[in-house]
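Q: Can you walk me through this one? I'd like to go element by element.

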Amino acid sequence: MTSNTALIEKLMKRVNKLRSGSNNQAAPPRKRDFDSIASSTDDDDDDHAAKKQLEEENVSRFQSNSALEISELPSTPNLADSHTFLDLSQQDNGIADVIAPVPYIEKRASSMSPMESANGSTAAGTITTSVTESVAEEETLDVPSNRDERVKFIKDMNANLKIVAAHNRVGKVIAAKDAALSIRRHQLLRAYLSWMESDLDIDSDLAKRTNMELCLGLLFKDPKITCPEDFKTIGKSLHDKWEAENWGEDIVPDEGNESEEEQEPPQKPFDGLRASSTRNLISQYNTDATIRYPPKGHRIWGENGIMDGVVEKRGPSGYKTYILDRRVSQKSAKVFGHNGIPVGVWYPTQLVALQRGAHGSRVGGIAGSVATGAYSIVTSAHYDDLDEDKGETLYFSGSNSHENDDPSKPLPSSKATKALKASRSSGKPVRVLRSGGSTYSDNPKSKSSSYLPSCGLRYDGLYRVVEMRIEMNNKNGAYERFKLERLPNQVSLEEIRRESPTYQQIKDLQDSKVGY
């Protein structure tokens with residue numbers, strides 16, 4: 001371990017020079033690349049040993065308990081204990097460059113060849129990637145699907161963001177014994193930012209409950225906080241994007257529950273971060289979920305397959321959910337009109353419809369803006385006691401219409417219901433998708449409406465909201481029901497019902513349940 005000792009001595013000299021204010025010192029040893037080490041050996045057989053030596057030296061930089069400069073973190077409530085830190089603000093100290101480039105989530109697994117992955121080579125942004133029979137796997141955060149649990153998750157991740165920002169404040173240093181925990185916090189934040197960039201749609205409730213605007217601002221607004229450049233870039237990009245959307249003030253939140261096949265068990269209770277300990281966060285949220293990328297040529301899950309753009313995620317206990325494939329560009333559904341989608345197009349699941357820009361909600365039945373109107377709705381058998389589907393005319397109930405038992409007035413309008421009211425006022429057309437569920441049925445009597453597809457979702461064209469009335473539900477409670485009329489000069493519903501979905505699409509949907 002002579003080389004490790006020498007490295008520690010060099011680091012100590014660097015710290016002492018920084019403390020003394022000397023500006024004439026040489027730069028400390030940086031993390032060397034393997035090629036330079038290998039080329040310095042006389043025997044090719046020593047390559048492996050040299051690479052191992054390099055890895056041990058890098059790890060030892062953080063695991064050494066040497067007496068580095070100490071500075072306590074201010075006692076900020078719910079932020080962290082007083083810790084000692086390695087100075088991360090000095091970009092030439094040979095330490096920040098190890099934390100900053102820690103690879104995490106791969107955005108384009110397809111950019112690697114199977115041979116590269118099999119040999120252990122990873123593209124930037126990958127923490128662990130392996131290939132077995134052309135199925136690439138990637139470690140990722142196990143993000144809850146339930147909205148309340150997801151809000152709790154985001155709050156915890158934002159607390160970690162505050163801690164990382166404090167670690168990167170100019171002049172702060174961390175004890176070597178705590179460096180591994182600090183590195184892990186940086187890794188969690190990198191994974192969290194990657195997830196938000198690809199999968200999170202903000203709405204005003206979520207933004208306010210998680211204090212999102214302030215937290216993202218910590219990454220790039222304060223010149224005294226010198227976070228890694230990718231943190232700054234992603235943080236500013238998300239901040240600017242959501243600020244332009246007024247932090248989701250007008251956006252309809254994704255209401256409703258996931259289908260059974262996409263439901264995951266609740267996570268273990270977590271009582272949040274305490275000032276006395278932040279290690280709970282590290283153990284509670286781990287990269288113990290796995291994204292499995294399908295073979296590129298897979299008939300169902302590969303390019304141009306019915307499930308293209310969606311991938312499996314398996315949790316630590318083996319349960320399976322489906323998420324958007326961040327390698328595949330997602331089409332925005334925040335558009336009025338057809339959005340370039342031919343009438344009659346069929347989708348196997350609502351998540352695929354979201355990916356293709358047909359409907360802007362993973363599980364909710366209404367997607368749109370309270371200011372300008374609904375972009376799209378999904379009608380199904382879910383509300384067959386309230387809705388009425390006559391094909392060219394559709395009667396569609398607002399959110400929470402089942403819950404009221406007061407005959408004198410409906411419940412206060414949700415944002416989703418307000419979006420339909422805005423559609424009535426603006427006259428903007430609404431895309432209507434009909435959902436037949438995830439299981440095929442050729443029995444018309446099993447469907448509440450003969451216009452529903454036998455399975456999956458089908459885009460049936462543009463409708464206009466022409467009327468809103470107060471009706472009574474089965475509890476004798478008042479609810480708001482909207483009348484929509486189909487616009488003329490579109491492919492007829494009779495033709496659509498005959499041709500969509502096709503036999504092959506139905507077969508592929510059933511086969512998709514096997515996975516890949």
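This is a predicted model: local features need pLDDT of at least 70, side-chain atom pairs count only at pLDDT 80 or more; totals for chains, interfaces and linings use all residues.

Q: Which way does S7 pair with S8, and over how many bridges?
A: Antiparallel, over 4 bridges, with S8 being residues 373-379. A hairpin of 3 residues joins S7 to S8.

Q: And what stands opposite Ser 369?
A: That's Gly 373, in S8.

Q: OK, moving along. How many residues of S10 are buried?
A: 5 of its 5, so to speak the strand is mostly covered; S10 runs over residues 393-397. Both faces are covered here too: Thr 393, Tyr 395 and Ser 397 are buried on one side, and Leu 394 and Phe 396 on the other.

Q: Which strands does S10 pair with?
A: S9, residues 388-389, is one of them, antiparallel over 2 bridges. S13, residues 478-486, also pairs with S10 in the antiparallel sense, over 5 bridges.

Q: Where are positive phi values found in residues other than glycine?
A: Asn 339 is one, with phi near 60°. Asn 489 is another, also with phi near 60°.

Q: Where do they sit?
A: Asn 339 is in the loop between S5 (320-324) and S6 (346-347). Asn 489 is in the loop between S13 and H14.

Q: Is Asn 339 buried or exposed? And what about Asn 489, buried or exposed?
A: Asn 339 is buried, because its relative accessible area is 14%, under the 20% cut-off. Asn 489 has 82% relative accessibility, so it counts as exposed.

Q: While we're on backbone geometry, which peptide bond is cis?
A: The one from Ser 500 to Pro 501, with omega near 5°. Pro 501 lies in the loop between H14 (493-499) and H15 (503-512).

Q: Switching to helices. At what angle do H6 and H7 cross?
A: Roughly 130°, and their axes come within 9 Å. H6 covers residues 147-167 and H7 covers residues 179-199. That angle is why H6 counts as oblique to H7.

Q: Left-handed or right-handed?
A: H6 passes H7 in a left-handed crossing.

Q: Who makes the contact?
A: From H6, residues including Arg 150, Phe 153, Ile 154, Met 157, Leu 161, Val 164 and His 167. From H7, Ser 182, Arg 185, His 186, Leu 188, Leu 189, Tyr 192 and Trp 195.

Q: Let's zoom in on Leu 193. Is Leu 193 buried or exposed?
A: Buried, because its relative accessibility is 0%. Leu 193 lies in H7.

Q: What is Leu 193 in contact with, leaving aside its neighbours within four places in sequence?
A: Leu 216, Leu 219, Phe 231, Ile 234 and Leu 238.

Q: How far is Leu 193 from Leu 161?
A: 9.6 Å, C-alpha to C-alpha, with the two 32 residues apart in sequence.

Q: Last thing, the whole chain. How many helices and strands?
A: 15 helices and 13 strands. Of the 516 residues, 50% count as buried.

Q: And of the contacts between residues at least 6 apart in sequence, what share join residues at least 24 apart?
A: That share is 69%.

Terms used. Residues are numbered from 1 along each chain as its sequence is written. Side-chain values use heavy atoms; hydrogens and water are left out. Axes are lines fitted to C-alpha atoms, for helices over the stretch in contact, and angles run from 0 to 180 degrees between N-to-C directions. Angles under 35 degrees count as roughly parallel, over 145 as roughly antiparallel, 65 to 115 as roughly perpendicular and the rest as oblique. A crossing is left-handed if the near helix is turned anticlockwise from the far one by less than a right angle, and right-handed if clockwise. Contact means heavy atoms within 4.5 Å. Buried means under 20% relative accessible area, exposed over 50%, partly exposed in between (1.4 Å probe, protein chains only). Two strands pair if DSSP finds at least two bridges between them.
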